[in-house]
Amino acid sequence: MEYRGSDADMDQPTFSDVLDVCHEMRAELNCDFAAIAIQDDIGTDIKWPYASGNRNEKYKRITVRYGKGIAGKVISTGRPMMISDLSNDKSSMVLEHPIMLAEQLLSAYSVPLLINGTAKGALLAGNRSSHLFTENEQNSIAKYVHKLEIMFNSNHSL
Amino acid sequence: MEGIPVTKSISSYIIQSQDEELKRIALELHEGVGQTLYSLYTGLQYIEMGIEQPGMKAYLQEMQQTMERTIKEIQMLSVELHPPTLSLGLVSAIKSYVRLYTSTYGIVVSVESIGEEKILPDQNKIAVFRVCQEALINIAKYADIDSASIQLDWREEEIKVVIVDHGQGFNVKKVLKENLSSGLGAMQERMLLAGGTCDIASTQGKGTSILIDMPL
């Protein structure tokens with residue numbers, strides 16, 4: 001799913017261009033984890049190809065179904081989603097969000113990425129402590145979503 | 001003392017009834033609801049071929065995609081309720097579940113089967129499978145590790161299953177006493193009711209091993 005640039009196509013974003021956006025957002029928001037989920041072109045499965053601040057490599061193996069997990073819910077509804085304290089309901093809720101479990105996140109805010117007008121991905125900012133994402137932080141994340149949408153929509157390929 | 005066997009048989013009966021009910025619902029979802037939805041899906045494809053209006057065609061394609069997703073959801077739900085691979089044997093069912101588990105939680109689990117797989121009564125097969133499932137879920141929830149292993153050792157008169165992770169570990173006595181994880185007690189209870197045993201050993205900072213022993 002990752003976009004691979006070519007010599008003939010220098011203007012299109014490479015994998016590291018997209019990953020840099022995650023690094024940049026994590027630094028600006030001072031959050032523990034930032035990642036991008038992308039829905040497969042074929043089928044409806046959703047994977048996490050880009051991550052910054054990860055504690056392990058589990059994110060690379062995680063695949064969630066459309067409508068499941070934080071990314072699946074954000075993509076299926078086309079709306080942002082915030083979890084401010086997952087520890088409040090650790091027993092059952094935690095299994096619903098594998099990326100949060102894998103990265104030991106207690107709070108996250110995720111926003112859909114629109115590719116050609118359709119929600120095909122999600123940008124996520126997360127913390128390993130409970131946290132209520134403020135309006136300012138939400139606006140900052142929206143700024144990075146906009147940046148990514150321009151990158152992705154300019155090449156129509158992820 | 002007379003109450004104990006009665007309680008045990010009632011608990012066994014309840015668990016067996018639940019398993020049978022889950023199997024029935026899983027089958028009904030797969031064979032009934034799933035097949036009906038598939039008929040509707042092919043019907044939509046047929047209707048789409050006869051429509052020329054671009055707007056309606058696009059709408060029908062969207063409906064087909066929704067239907068396709070719903071069929072997949074029904075299939076997954078059915079598998080989660082009662083894995084069809086259980087009918088092919090315990091090793092197949094565990095391997096199949098492990099594939100789903102790795103793609104869900106990102107934890108790689110190696111499965112090794114030693115000796116020739118023997119036929120287990122359905123009730124015991126489901127009990128061992130469910131306990132392995134619970135152990136893996138606990139690893140995903142608490143161990144904070146990216147790999148684990150399951151070894152099934154088929155002996156003449158018993159099967160021994162060892163589930164090992166080198167994760168955070170915990171104080172078993174404390175957890176069982178304070179009922180911090182009712183799942184652990186349920187695992188032991190379930191094996192006892194099926195005629196086997198489930199021993200849990202864990203060291204904080206070093207990991208956990210669960211030994212299931214089931215007579216054949």
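Reader: Which residue in strand 5 of chain B stands opposite Thr203(B)?

Author: The model is a predicted one, in which local features need pLDDT of at least 70, side-chain atom pairs count only at pLDDT 80 or more, and totals for chains, interfaces and linings use all residues. Residues are numbered from 1 along each chain as its sequence is written, chains are lettered from A in the order in which they are written, and side-chain values use heavy atoms, with hydrogens and water left out. Strands here are DSSP runs of E of at least two residues, helices are runs of H or I of at least four, both numbered from the N terminus, and two strands pair if DSSP finds at least two bridges between them. Strand 4 (residues 197-203) of chain B pairs with strand 5 of chain B in the antiparallel sense over 7 bridges, and the residue opposite Thr203(B) is Gly207(B).

Reader: Which residue in the turn of the hairpin formed by strand 4 and strand 5 of chain B has a positive phi?

Author: The hairpin leaves 3 residues between the two strands. The turn residue with a positive phi, of about 90 degrees, is Gly205(B).

Reader: Which residue of strand 5 of chain B is the bridge partner of Glu158(B)?

Author: Strand 3 (residues 158-165) of chain B runs antiparallel to strand 5 (residues 207-215) of chain B, joined by 8 bridges. The partner of Glu158(B) is Pro215(B).

Reader: Which strands stand at the edges of the open sheet in chain A?

Author: The sheet has 6 strands in the order 3-2-1-6-5-4, with antiparallel pairing. Each edge strand has a single partner strand, so one side of each is left without a neighbour in the sheet; these are strand 3 (63-64) and strand 4 (81-83) of chain A.
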